[in-house]
Structure formats: structure tokens, C-alpha cells
Amino acid sequence: MDRIALSANPNRLPGGDFLAALARALESHGLEVRVEDAVACRAGCDGGGDLRHLAPWADMVIVVGGDGSILRAVHSMMPVVRPIMGVNSGRLGFLTYS
């Protein structure tokens with residue numbers, strides 16, 4: 001997996017610093033990272049497009065947020081299916097890992 005799409009709920013961002021640090025950490029390991037336009041400005045990153053356009057490009061999607069963020073990402077990516085890794089910054093955390 002060399003190409004990672006990074007997404008989050010634009011209405012409930014955990015903090016732009018966290019998203020920027022995550023993108024830098026992934027890039028430091030030789031991965032190509034594109035951040036969804038809706039959250040890129042908060043992360044201080046260049047936007048890579050909306051998730052509908054990023055999903056065909058990506059090998060995996062990392063979603064920072066809660067269960068709702070994952071469900072939003074899956075809905076946005078359809079009909080493309082990619083592995084999703086959820087990073088919990090929400091309240092419930094049934095689908096995401098804390």
C-alpha cells in the first residue's frame with residue numbers, strides 16, 4: 001500500500017495539527033498521501049480532491065473521526081471499495097479504534 005487517502009468529518013475535526021502530523025508521518029515512511037479537500041485547509045495541506053475522486057487512486061483510506069465519519073466516507077467512496085482504517089476521535093467508537 002503506497003497511496004493513502006486521508007479523510008475526516010469536516011464538521012468535527014480533531015485538530016488540523018493532528019491531521020498534518022499524521023500526513024507527515026505517513027510520508028516519512030515513503031507513502032504518498034492525499035488529504036480530502038473538505039479537511040485539507042484545516043490540516044494545512046494541499047487538497048487532493050473529494051473522496052469520490054481519491055478512492056480510485058488510493059490503496060487505503062484512513063478516516064479520523066467517529067463512526068459517522070466512517071459511514072460518510074464509505075458513502076462518499078461508492079461504488080469504489082477500499083480498505084478503511086478508522087482512528088477514533090469521536091464519541092462512540094464502535095467502528096473505529098481508540
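**View 1. How confident is the predictor in this chain?** In this predicted model, the mean pLDDT of the chain is 85, and 89% of the residues reach 70 or more. Take a look at helix H3 (residues 51-57), where confidence is highest, at a mean of 93. Confidence is lowest in helix H2 (residues 37-43), with a mean of 79.

**View 2. Four strands form an open sheet.** Follow the strands across the sheet and you meet them in the order S2-S1-S3-S4, with parallel pairing. Strand S2 (32-35) and S4 are the edge strands, each pairing on one side only. From one strand to the next, the twist averages 20 degrees.

**View 3. Strands S3 and S4 pair up, with helix H4 between them in a β-α-β unit.** Strand S3 (residues 60-65) and strand S4 (residues 84-88) are joined by five bridges in the parallel sense. Together with helix H4 (residues 67-77), S3 and S4 make a right-handed unit. H4 lies across S1, S3 and S4, and runs at about 145 degrees to S3.

**View 4. Ser-7 sits in strand S1 (residues 3-8).** Is Ser-7 buried or exposed? Ser-7 is buried, because its relative accessible area is 0%, and buried means under 20%. The side chain of Ser-7 makes a polar contact with the side chain of Arg-72, at 3.2 Å. Beyond its neighbours within four places in sequence, Ser-7 is in contact with Glu-36, Leu-51, Ile-62, Val-63, Val-64 and Arg-72.

Key. Residues numbered from 1 in each chain as written. Predicted model: local features only at pLDDT ≥ 70, side-chain atom pairs only at ≥ 80, totals over all residues. Heavy atoms only, no water. Helix = DSSP H or I, 4+ residues; strand = E, 2+ residues; numbered from the N terminus. Buried < 20%, exposed > 50% of the residue type's maximum accessible area, 1.4 Å probe, protein only. Polar contact = N/O pair within 3.5 Å; in protein donor to acceptor, adjacent residues only side chain to side chain. Contact = heavy atoms within 4.5 Å. Pairing = 2+ DSSP bridges. Right-handed = clockwise from strand over helix to strand, strands pointing away. pLDDT = per-residue confidence, 0-100. Axes fitted to C-alpha atoms, helices over the stretch in contact; angles between N-to-C directions.
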